[in-house]
Amino acid sequence: MKTVEQIKAAIEAAVAGAGVEVVPNPSPSGQHSLRIEPGRAVEVARFLRDDAELALDFLSNVTGVDWLDREIEETVTETRTVTRMVDGVEQAVEETVEETRQRIEPGFLEAVYHLYSVAKKHGPVVLRMRTVNRTDQVELPSLTPIWRSAEFQEREVFDLYGIIFTGHPDLRRLLMWPGFKDHPMRRDYVEPDDFEYEPTAHDRVLERALAHQAASEAASTAAGEKASEPAEAAEQQGTEADA
Amino acid sequence: MAVDEGLKTELGKQGVFVTTLEELYNWGRRSSLWPMQFGLACCAIEMIATTMARYDLARFGGEVFRPSPRQADLMIVSGTVTKKMAPAVVRLYNQMAEPRYVIAMGACAISGGPFKQGYNVLKGIDRYIPVDVCIPGCPPRPEALIHSFMTLQKKIDGQHLTGKGRPRHLDAGARGEFPVPVYGEHDLEPKSNPGVWNAPKVRR
């Protein structure tokens, strides 16, 4: 099979403005991926499928990645002119200062496609597409028109990560119900506070359970008399449950 | 009132069969528990195995798996109940005719099991419907399911037709319908049925 660089060159020769970039994978597997421009993704995908030599006719897997905003610390050396007292006289002196600056690199969502060729028995070729950010510009083109097997997996990525695939024939939530508002696989997803009974909690679950306990105790002392009502109801229903 | 065992055996030797209505009634009920035919996850595979020749649940009168809740007496919650599935399970339970029983099979049906912290996993079906027997295990072996079946039969045998502990279908005041949770924006609403389940106090 062609190397990623060769595939990159082939794509760029075939599709103008494809904007392919190799994303290296430093692990021993060395499974480098190709990042493509969402604007030309459908053409690139069609080329990869229809090209006689690559013939990537099988889309094995679609998944999502959530990249949070990253705080990057940089050390910058800067030369600037400072007025300073030198030998009792005020002079302008050039000074080299090392400065650490922080900037925030905005996060994005990424869709990853693993392609194989059944005809040529090679693969995988890994494609990546990135959204502009992870809040309001989360559209990516759907590759379902090229590989039908992307349909359910793109729906899953839409459900769990919130990437909106434009051109998808039936983009509905797959695992969660239609009225669900969150995207559970996003890294900043917070589960609903249902930590009322965690008999063997530890680590993060223990933290949540303790927080829940503290909150519910505060609520029950605030409610005062109302707190006794559920206990009564439980007694009543207890006999029913035994029956 | 139960018949004295010694007297019963003695009369039996004479060809006289003595029993109570209660005993007869409970014997009838426990000997033909028809489970509902549905499975939720891998526990269902064990449940299927239980009904097959090697384990043969038919020996206990529970082989007639009914595809309709209207004809079933027993709901075996066999597997992970996802939050998306939970309303359907509660609705099916509501559609079952009394007397009806629930076996929570496996760690997931009891508490969410290994998936407890999952975003879409209900932390135990006992939050919405009354569970009669819980079987631990992941998944429980067919023997364990048979044991739970026998436990349930023992429970039915011990029920009285009158008095405080009588079955729900003989208690006109008992509510037969359990509220079905609705899909909320972030979770099921309500998170549990306080009439059925209240969080036990955990000492830390």
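## Domains, strand pairing and chain contact in a predicted model

Chain A is divided into domain 1 (4-68 + 108-166), domain 2 (70-104) and domain 3 (203-242). The model is a predicted one. Taken over C-alpha atoms, the centres of domain 1 of chain A and domain 2 of chain A are separated by 45 Å.

**Strands of chain A**

Strand E7 of chain A covers residues 122-130 and pairs with strand E2 of chain A, residues 33-35, in the parallel sense.

| Strand pair | Sense | Bridges |
|---|---|---|
| E2(A) (residues 33-35) and E7(A) (residues 122-130) | parallel | 3 bridges |

E6(A) and E7(A) form a hairpin, with 4 residues between the two strands. One residue of the turn, A:Lys121, has a positive phi of about 55 degrees. In a regular strand, side chains alternate between the two faces of the sheet.

**Contact between the chains**

How many residues of chain A are in contact with chain B? On the chain A side there are 25 residues, and they are in contact with 25 residues of chain B. Helix H5 of chain A, residues 228-242, supplies the largest share of the chain A side, with 8 residues. By residue class, the side of chain A that touches chain B divides into 14 nonpolar, 3 polar and 8 charged residues. The size of an interface is often given as the accessible area lost when the parts come together.

**Chain B**

Chain B has 6 helices and 5 strands. Read along the sequence, these elements follow the pattern α-α-α-β-α-β-α-β-α-β-β. The C-alpha trace of chain B spans about 70 × 45 × 40 Å along its principal axes. Chain B has 204 residues, of which 37% count as buried. Among contacts in chain B between residues at least 6 apart in sequence, 75% join residues at least 24 apart.

Is helix H1 of chain B, residues 5-13, well covered or hardly covered? Helix H1(B) is hardly covered, since the count of buried residues among its 9 residues is 0. B:Gly15 follows H1(B) and has a positive phi, near 80 degrees.

Definitions and conventions: Residues numbered from 1 in each chain as written. Chains lettered and ligands numbered in written order. Domains from an automatic or database assignment. Contact = placed C-beta atoms within 7 Å. Nonpolar A, V, L, I, M, F, W, Y, C, P; charged D, E, K, R; others polar. Pairing = 2+ DSSP bridges. Buried ≥ 20, exposed ≤ 12 C-beta atoms within 10 Å, placed from the backbone.
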